Amino acid sequence: NRIELVVHDDQSFGWNLTNKIPLYGHQGDVIGVAGTTRDFQKLNQDNPAYREMSEVIDYIRDHYTEAITIPELAATAHLSVSQFGRNFKKFFQMSPLQFITKIRINAARRMLTTTHASISQIALESGFYDHSYFTRQFTKTMGMSPKQYRRRYYNEVS
């Protein structure tokens, strides 16, 4: 079981609880993947851990373009910095900084494929304050540079 970030068609995002297993062919080779996915929010609205982190997630969603610090996120969750870091990682299987980066990369992906904005402008508008850091993080996450991503997935803007 893993909690995964899902970006919806309307550009909102949510969390799905996924379960994936490999499918093996007669020769023992992996030939596919089978799995299930369920809306995590609907499953866990009564879960205290979800309630504890929902304000933090809302805060990140509303402020990802700004500088966000771990102490301010911990304060939002009413936890110490160390408690917050442990709980966040346990709940989402990633650190708060990894989560923020993922949100910013998703915003950049959307802008790369739907706008004529420069890559530097997209980096700034998605919360990265350094073009080269943005390019490194994007390439690490997506397996290609922002320029390559745009070439492959760009939708002509009317």
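The protein's secondary structure comes to 8 helices and 3 strands. Helices (H or I, at least four residues) and strands (E, at least two) are DSSP runs, numbered from the N terminus. The model is predicted: local features need pLDDT of at least 70, side-chain atom pairs count only at pLDDT 80 or more, and totals for chains, interfaces and linings use all residues. Residues are numbered from 1 along each chain as its sequence is written, and side-chain values use heavy atoms, with hydrogens and water left out.

From the N terminus on, the order of elements is β-β-β-α-α-α-α-α-α-α-α. Of the protein's 158 residues, 35% count as buried. Buried means under 20% relative accessible area, exposed means over 50%, and partly exposed lies in between (1.4 Å probe, protein chains only). A contact means heavy atoms within 4.5 Å. Among contacts with a separation of 6 or more, 46% are between residues 24 or more positions apart.

Start with the core. In soluble globular proteins, nonpolar side chains tend to be buried together. A nonpolar core here is a set of buried Ala, Val, Leu, Ile, Met, Phe, Trp, Tyr and Cys residues joined through side-chain atoms within 4.5 Å. The largest such core has 35 residues, and Phe84 and Phe88 touch the most other members. Helix H2 (48-63), H3, helix H4 (81-92), helix H5 (96-114), helix H6 (119-125) and helix H7 (131-142) each supply at least two residues of this core. H5 gives the largest share, 8 residues.

What does Phe88 touch, leaving aside its neighbours within four places in sequence? Its partners are Met53, Val56, Ile57, Gln93, Met94, Ser95, Pro96 and Phe99.

Ile70 counts as buried because its relative accessibility is 19%. Beyond its neighbours within four places in sequence, Ile70 is in contact with Val81, Phe84, Pro96 and Leu97. Ile70 and Gly85 are 15 residues apart in sequence, and their C-alpha atoms are 8.1 Å apart in space.

Glu72 lies in helix H3 too. Is Glu72 buried or partly exposed? Glu72 counts as partly exposed, because its relative accessibility is 25%. Not counting residues up to four places away in sequence, Glu72 touches Tyr59 and Ala67. Glu72 and Val56 are 16 residues apart in sequence and 9.3 Å apart in space, C-alpha to C-alpha.

Next comes the loop between H3 and H4, where His78 is found. His78 is exposed, because its relative accessible area is 66%. His78 has a positive phi of about 60°, although it is not a glycine.

Now follow H5 to its helix partners. Axes are lines fitted to C-alpha atoms, for helices over the stretch in contact, and angles run from 0 to 180 degrees between N-to-C directions. Angles under 35 degrees count as roughly parallel, over 145 as roughly antiparallel, 65 to 115 as roughly perpendicular and the rest as oblique.

The axes of H5 and H7 come within 10 Å and cross at roughly 90°. H5 is therefore roughly perpendicular to H7. H5 brings Thr101, Ile105, Ala108, Arg109 and Leu112 to the contact, and H7 brings Phe134, Gln137, Phe138, Thr141 and Met142. By class, this contact of H5 with H7 has 6 nonpolar, 3 polar and 1 charged residues. Ala, Val, Leu, Ile, Met, Phe, Trp, Tyr, Cys and Pro count as nonpolar, Asp, Glu, Lys and Arg as charged, and the others, Gly among them, as polar.

H7 also holds His131. His131 is partly exposed, because its relative accessible area is 37%. Leaving aside its neighbours within four places in sequence, His131 is in contact with Ile119 and Ser120. The C-alpha atoms of His131 and Ile119, 12 residues apart along the chain, are separated by 7.9 Å.

Ser145 sits in the loop between H7 and H8. Ser145 counts as buried because its relative accessibility is 18%. Ser145 touches Phe138 and Thr139, not counting residues up to four places away in sequence.

The last stop is helix H8 (residues 146-153), whose axis comes within 8 Å of the axis of H5, crossing at roughly 50°. H5 and H8 are therefore oblique to each other. Here Arg109, Met111, Leu112 and Thr113 in H5 meet Pro146, Tyr149, Arg150 and Tyr153 in H8. By class, the contact of H5 with H8 has 5 nonpolar, 1 polar and 2 charged residues.
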